[in-house]
Amino acid sequence: MNVIEIDGLTKTYGSSRGINNISFNVEEGEIFGFIGPNGAGKSTTIRTLLSLIHPTGGSAKIFGKDCVEFAPDIAKDVGYLPSEVFYYDNMKVMDLLKYSASFYKKDCSGRIRELAEKLDLDLTKKIDDLSLGNKKKVGIIQGLVHEPKLIILDEPTSGLDPLMQQTFFDLLKEENRKGATVLFSSHILSEVQRMCDRVAIIKEGEIVQVEKISILKENNHKKFKLEVKSDISAGYFDLTGVNNLEVHEHHISFLFRGDINEIMKKIAEIDIANLWIEEPDLEEIFMHYYEKEV
Amino acid sequence: MNMYLFELRAYRKNTLMWTLALTGLALLFMSMFPPIAKEIDEFKKALEGFPEGVRKALGLQVETIGSVNGYYSYTFMYIALCGAIQAMTLGISISSKEVREKTADFLLTKPVTRTNVLASKLLAALTCILFTNIVYLGAAVLIAKAVASGEFSLTAFLLISLSLLIISLIMFALGTMLAVLFPKIKSVISVSLGVVFGFFVLGMVAGLEESGRYFSPFKYVDYAYVMKKETYEWPFLVVGFIIIVLAFIVSFIVYKKKDIHTV
């Protein structure tokens, strides 16, 4: 069953950026990643799903119901964590969370305490006095407090320290085990790789690819940078799987995709001064997707 | 209901302050009445020294200023001004709050319709305005009775005082519409003061002509007329009512449709 069905969704703002003809589905129980650089249209898509903005074309359904028409109905089972959290100042954390919980017809006070304990958040503090990371924790709790069936996260990890990110991911995984579907938007590839079953890649308002993480990993490029001691012929690394080969005197760089052993053997045969093997950043992966299209 | 109570709590202090301010203003003005009434002839002579245009613009009626209602209606102009500022500020503030404080992502993703959100906010604000008006009215009557000597028409006094509510409601509705149409209002108080003073000055200038009175809600109730006839002028009330209804209709339609962008 599909929890989210997006069909030809389009949102234009006059002439400026927006999203164009986006289609993908998120199945029940999966953790779905939504990645793309800043300004690619991730937030626009998510805000359309939440009916914060209205589409100019196409449609989106959550739980089989139209996002615009049944927004309040859908919202009962959706938890949303925006990338930046803002709350009414002059309120205590507990009061805000209680207010948030009052919209759902459930008793949530036990769950508020439980989540606050896990995230190590002081409920008696005033919201204005909280640091960015602690405000984010308030956001996490208010997004999860009503045990939603669908959790929508828009670049959720900013402001959280690595330990807290781990706790947060554990929380999400736990919710996921209990049956919640997660839509996770991010521009950080590693966290998406760690969390998600499938991803949609968006660039400049269009979906470039929807893929299983496992397949994406197989296709994953590694970025090689070498410093060699003596000149080598330009054609030395010219083999299948090597892309973007650049040679500047003793510095060589390229992207490699394929059996890592092969390339390591090749490198072992020459006299090297230094070697870096890195995960390519998202931009480079996108470049790769564009190259394939041309 | 939870949103209504939440907003009510948020504006509790603000409403109490305005109520105290309005009541205090009435107390201050009316406490000056007995000494003025004692030397009313001198006072009238001094007022007659003003050119007629100035007297009209200021709402000064030399014949009636010696009576409680006459004096009250003159000072009431400024009380109405304050009430209008309260209502306009409340209208702008309550419906642009989500955008100003960037809490739209919080409130508008909850399982409630936007119509419900706006309605709760407006009801809370109306409760605040009603509270101010009721307390003010009660206090004003007590004060007037204390300073009144001789004949005093309670009906006229009540009608004058109730025009505070009429002006407040119109200003509140206009403020709400402004906030919904231009949600990026950063400084609520400056916009509110600007608009209210605009109407106030317009009332002074355009209000000199009978037809010009329609342009400023401050002139919808003519105090001289109220004192003479002990009733309101219906055409103005109807226009006021239409303004309120239209402003609310526009507000609800726009609020329901508008896009909430990231901050």
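This is a predicted model: local features need pLDDT of at least 70, side-chain atom pairs count only at pLDDT 80 or more; totals for chains, interfaces and linings use all residues.

Me: OK, what's the strand order in the six-stranded sheet of chain A?
Reply: The order is 6-7-8-3-9-10, in an open sheet with mixed pairing.

Me: Which strands stand at the edges there?
Reply: Strand 6 (78-81) and strand 10 (206-212) of chain A. Each has a single partner strand, so one side of each has no neighbour in the sheet.

Me: And how are strand 3 and strand 8 of chain A paired?
Reply: Strand 3 (residues 31-35) and strand 8 (residues 181-186) of chain A run in the parallel sense, with five bridges between them. If you want a spot to look at, Ile35(A) is opposite Ser186(A) in strand 8 of chain A.

Me: How much are neighbouring strands turned against each other in that sheet?
Reply: By 15° on average, ignoring direction.

Me: Which strands does helix 1 of chain A lie across?
Reply: Helix 1 (residues 42-49) lies across strand 3, strand 7 (150-154), strand 8 and strand 9 (198-203) of chain A. Its angle to strand 7 of chain A is about 150°. Helix 5 (residues 132-144) of chain A lies across strand 6 and strand 7 of chain A, at about 170° to strand 6.

Me: Switching to the four-stranded sheet: what's the order, and which strands are at its edges?
Reply: That open sheet of chain A goes 12-13-11-14, with antiparallel pairing. Strand 12 (242-248) and strand 14 (272-278) of chain A are the edge strands, each pairing on one side only. Neighbouring strands in this sheet are turned by 10° on average, again ignoring direction.

Me: How many bridges join strand 11 to strand 14 of chain A?
Reply: Six, and strand 11 (residues 222-228) runs antiparallel to strand 14 of chain A. Val228(A) sits opposite Ile272(A) in strand 14 of chain A.

Me: Now chain B. How do helix 2 and helix 6 of chain B cross?
Reply: The axes of helix 2 (residues 12-31) and helix 6 (residues 68-100) of chain B come within 10 Å and cross at roughly 165°. Angles over 145 degrees count as roughly antiparallel, so that is what helix 2 of chain B is to helix 6 of chain B. The crossing of these two chain B helices is right-handed.

Me: Which residues make the contact?
Reply: From helix 2 of chain B, they include Trp18(B), Leu22(B) and Phe29(B); from helix 6 of chain B, Tyr72(B), Ile79(B) and Gln86(B) are among them.

Me: And how many are nonpolar, polar or charged?
Reply: In this contact of helix 2 with helix 6 of chain B, 11 are nonpolar, three are polar and none is charged.

Methods. Residues are numbered from 1 along each chain as its sequence is written. Chains are lettered from A and ligands numbered from 1 in the order in which they are written. Two strands pair if DSSP finds at least two bridges between them. Axes are lines fitted to C-alpha atoms, for helices over the stretch in contact, and angles run from 0 to 180 degrees between N-to-C directions. Angles under 35 degrees count as roughly parallel, over 145 as roughly antiparallel, 65 to 115 as roughly perpendicular and the rest as oblique. A crossing is left-handed if the near helix is turned anticlockwise from the far one by less than a right angle, and right-handed if clockwise. Two residues are in contact if their C-beta atoms, placed from the backbone, lie within 7 Å. Ala, Val, Leu, Ile, Met, Phe, Trp, Tyr, Cys and Pro count as nonpolar, Asp, Glu, Lys and Arg as charged, and the others, Gly among them, as polar.
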